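Q: Hi! I'm new to this one and would like a quick tour. Could you take me through it?

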Protein chains: 2
Amino acid sequence: MQISINPPKKDWTSLLERPAMEVQQLDEIVSAVLRDIQENGDAAVTKYTSQFDGVDLEQFLVSEEEIEAAKLAVPEDLKAAIQVAKTNIEAFHRQQRSTVEIVETMPGVKCWRKSVGIQKVGLYVPGGTAPLFSSVLMLGVPAIIAGCQEIVLCSPPAKDGGLHPAIIYAADLVGVHKIFKIGGIQAIAAMAYGTQTVPQVYKIFGPGNQYVTAAKQMVSRAGIAIDMPAGPSEVLVCADQTADPSFVAADLLSQAEHGVDSQVVLVAFSSEFIKEVETALSEQLAKLPRKEIAAKALENSAAIVINTRSEALDMINLYAPEHLILALEDVTSFSEGIINAGSVFLGNYTPESVGDYASGTNHTLPTNGFAKAYSGVSVDSFVKKITFQQITAAGLQELGPSVEKMASAEDLIAHKEAVSIRLRRIKQQ
Amino acid sequence: MQISINPPKKDWTSLLERPAMEVQQLDEIVSAVLRDIQENGDAAVTKYTSQFDGVDLEQFLVSEEEIEAAKLAVPEDLKAAIQVAKTNIEAFHRQQRSTVEIVETMPGVKCWRKSVGIQKVGLYVPGGTAPLFSSVLMLGVPAIIAGCQEIVLCSPPAKDGGLHPAIIYAADLVGVHKIFKIGGIQAIAAMAYGTQTVPQVYKIFGPGNQYVTAAKQMVSRAGIAIDMPAGPSEVLVCADQTADPSFVAADLLSQAEHGVDSQVVLVAFSSEFIKEVETALSEQLAKLPRKEIAAKALENSAAIVINTRSEALDMINLYAPEHLILALEDVTSFSEGIINAGSVFLGNYTPESVGDYASGTNHTLPTNGFAKAYSGVSVDSFVKKITFQQITAAGLQELGPSVEKMASAEDLIAHKEAVSIRLRRIKQQ
């Protein structure tokens with residue numbers, strides 16, 4: 001970790017700089033694959049699955065037999081753990097449903113909003129170094145609660161042509177039954193445009209590598225909604241003398257093991273504390289199976305000694321971390337100043353990994369500073385809020401003249417006339 | 001209008017097809033302007049304002065003198081109308097604020113969401129053929145309610161180097177005081193990257209022409225959030241024999257006058273009704289100042305006779321109109337089947353133009369079928385929802401073992417260890 005002690009404010013931006021993501025270079029290959037799949041459907045998906053995943057598949061849809069086999073393959077204790085996570089995620093996300101409240105803005109003028117689930121959604125669950133069945137819960141549970149009618153899940157096939165049983169099991173458990181063994185750009189293309197076997201969807205969710213991210217951003221220009229732009233995962237831990245250095249080290253490592261590009265930042269109030277964390281880091285790192293990845297991620301990471309709590313808050317809000325762990329004495333009052341963060345973990349017994357899996361909050365969060373403008377995934381992400389209004393003749397008599405004046409002032413006379421013709425009729429009655 | 005009578009379902013998609021938007025051709029010029037302004041700031045903004053708007057400006061920021069002059073220039077009756085609209089928009093949008101509700105998903109595991117206004121937002125208000133001060137209210141009011149700290153507004157200068165007084169007046173009234181005389185691509189670039197005089201923002205809102213839309217989509221790839229993709233405005237009116245053909249004609253014209261590319265669709269249950277609407281259309285059209293625009297828009301529009309209410313509902317949900325007017329006998333029960341629409345207007349005395357200006361709902365809505373996945377602008381659009389969680393030692397003892405199992409199954413051992421190290425400590429205590 002690069003240690004900085006009381007850096008001046010003018011250096012903060014460069015100190016906290018994330019590595020630039022080079023998306024431009026990918027555009028050519030991504031747009032070629034998108035176009036091919038848009039034109040040639042399943043045949044093109046088959047071709048790229050062979051080319052990129054090294055698997056020749058005759059059928060992408062996970063069969064009922066495969067679902068049954070997955071249910072048998074997942075150990076009972078893991079099933080029980082997944083059930084705990086599902087129950088908590090449901091409890092937290094159910095509370096996010098909104099009820100219709102009619103606002104009578106003027107007598108006779110009633111306006112309201114109604115949340116309606118997006119009819120067709122696509123969930124992408126990456127493969128790669130770890131079978132991320134937890135992402136299935138994090139996307140599938142809110143999609144079901146939102147009332148989405150058609151939910152499609154894509155995940156890249158392993159070399160043996162299958163998916164990890166826990167991914168299939170979790171999908172089936174939450175109620176997602178259209179599971180396709182398709183990964184990468186070809187999955188995003190198949191869901192965006194539809195193929196002979198994959199239904200077209202209106203919004204695509206889920207993390208992925210740079211190719212998946214570029215593909216999502218490209219189809220979003222064609223009107224397919226996406227959850228949010230994605231970047232490497234990251235955590236900022238802000239800890240004072242009441243924190244346990246070994247807990248802090250464990251939290252930093254749990255982020256660092258994601259990938260060599262993971263971002264880890266420690267903000268503390270003394271050099272001694274940082275040294276203690278570093279000692280704990282090297283002890284714990286040695287025991288990790290993914291120690292090379294974690295060590296590499298730590299190399300690019302920053303540990304910063306800062307003078308005051310107020311400066312720490314400013315630095316956090318400048319960085320806008322995806323995950324923020326606050327191991328501080330006055331954690332409640334401090335947390336009230338947080339403006340930019342994806343998900344915040346308070347206190348010594350709230351490690352990020354509980355939120356990654358099972359406490360109930362969503363783990364699909366804005367990275368790369370996007371927490372300044374974006375929220376994490378929630379039931380909101382799976383609904384549209386449609387506004388409705390109904391006005392009585394008396395209400396229109398009250399409100400209409402203001403509309404007539406504003407429309408005239410905007411030189412939109414047909415807008416005015418749509419009111420005037422009705423007001424004239426009401427007067428005649 | 002192109003009249004179709006009971007078209008078979010297989011023809012619906014082509015019948016309701018919107019003209020394709022050619023965004024590709026614009027990319028080169030848009031990205032060149034974006035890059036120039038990112039590198040050269042105000043100097044480049046000055047250059048393009050001269051080139052595109054034909055005005056040489058020394059200062060983009062609207063001065064206090066200009067604000068005071070605008071207040072004097074707006075007639076009192078228009079001020080009163082704007083006040084009515086503002087009051088209603090505030091009433092409807094205030095109800096959209098959310099309160100913090102703590103969910104204890106398990107004993108000792110507390111999770112909640114907190115809405116925080118996006119610190120810096122940019123509002124774009126187009127100029128062009130009409131001074132759209134109503135858009136200032138529709139964007140400024142929710143931004144203020146959301147608690148956004150820095151709100152920047154850009155609107156293109158007229159040939160005399162000024163903005164329409166009603167735009168300045170409305171901005172000042174709602175509490176937006178950083179008003180810049182900058183339009184088009186250069187406005188989006190200035191707000192996305194910041195210049196010497198224009199602050200950088202995190203999210204950009206507002207309608208605009210194809211150049212503005214392309215610029216918004218391009219900066220969104222760099223992580224600046226945008227409200228939604230935009231296309232030409234549109235209305236679908238669904239009317240039965242209880243509707244008044246002259247009201248329907250007035251509503252269709254109020255949409256058609258927006259631009260030659262406006263989309264207007266009439267779904268009715270008899271040819272006779274459509275004929276009556278057509279008669280009313282030609283009568284009313286003749287009197288409109290913008291009759292050439294409206295006539296052109298009507299040429300590309302569709303009137304469709306449909307057999308059943310259920311088919312009408314299917315057609316509406318397939319088209320996903322930005323604005324939907326339902327002039328039907330059973331309007332309440334019918335409206336319950338609406339899944340895809342931006343804003344819905346119920347009954348004979350609820351013309352779209354009340355929602356465009358003053359009833360309280362927002363008029364920034366998803367066009368081009370995007371209502372299938374997008375909501376209109378609301379207070380939600382101006383906040384991020386940050387999740388928080390706090391777990392007690394007892395809570396972690398309950399929840400931790402499930403997290404350990406899931407993390408192990410995903411081969412993320414450092415994730416597991418962040419829990420295990422704490423559970424071991426708790427046991428020692």
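Q: Which surface do the copies meet through?
A: They meet through the same surface, because 100% of the interface residues of chain A are also interface residues in chain B. Keep in mind that this is a predicted model.

Q: Okay, and what rotation superposes chain A on chain B?
A: A rotation of 180°, with 0.0 Å of shift along its axis. The RMSD of that superposition is 0.0 Å. That is the relation of a two-fold axis.

Q: How many residues are in contact there?
A: On chain A there are 126, and they are in contact with 128 residues of chain B.

Q: And what area do the two chains bury between them?
A: About 10700 Å², with 59% of it on carbon and sulfur atoms. On the chain A side, Arg221(A), Tyr349(A) and Met406(A) supply 8% of the area that chain A buries against chain B, more than any other three residues.

Q: How many salt bridges are there between chain A and chain B?
A: The count is 10. Between the chains, Arg113(A) and Asp380(B) meet in a salt bridge through their side chains, at 3.2 Å from N to O.

Q: What about the whole structure? How many over all chains?
A: A search over all chains finds 42 salt bridges. Within chain A, Arg18(A) pairs with Glu234(A), and their closest N and O atoms are 2.9 Å apart.

Q: Where do Arg18(A) and Glu234(A) lie?
A: Arg18(A) lies in the loop between α1 (12-15) and α2 (27-53) of chain A, while Glu234(A) is in strand β9 (residues 234-239) of chain A, so the pair ties together parts that are 216 residues apart in sequence.

Q: Switching to helices: at what angle do α3 and α6 of chain B cross?
A: Roughly 105°, and the axes of α3 (residues 64-73) and α6 (residues 165-174) come within 8 Å. The two helices are therefore roughly perpendicular to each other.

Q: Nice, which residues make that contact?
A: From α3(B), they are Glu66(B), Ile67(B), Ala70(B), Lys71(B) and Ala73(B). From α6(B), they are Pro165(B), Ile168(B), Tyr169(B) and Asp172(B). The residues of this contact divide into 6 nonpolar, no polar and 3 charged.

Key:
Residues numbered from 1 in each chain as written. Chains lettered and ligands numbered in written order. Predicted model: local features only at pLDDT ≥ 70, side-chain atom pairs only at ≥ 80, totals over all residues. Heavy atoms only, no water. Least-squares fit on C-alpha atoms with pLDDT ≥ 70 in both. Contact = heavy atoms within 4.5 Å. Axes fitted to C-alpha atoms, helices over the stretch in contact; angles between N-to-C directions. Helix = DSSP H or I, 4+ residues; strand = E, 2+ residues; numbered from the N terminus. Parallel < 35°, antiparallel > 145°, perpendicular 65-115°, else oblique. Nonpolar A, V, L, I, M, F, W, Y, C, P; charged D, E, K, R; others polar. Buried area = accessible area lost by both parts, 1.4 Å probe. Salt bridge = Lys/Arg side-chain N within 4 Å of Asp/Glu carboxyl O.
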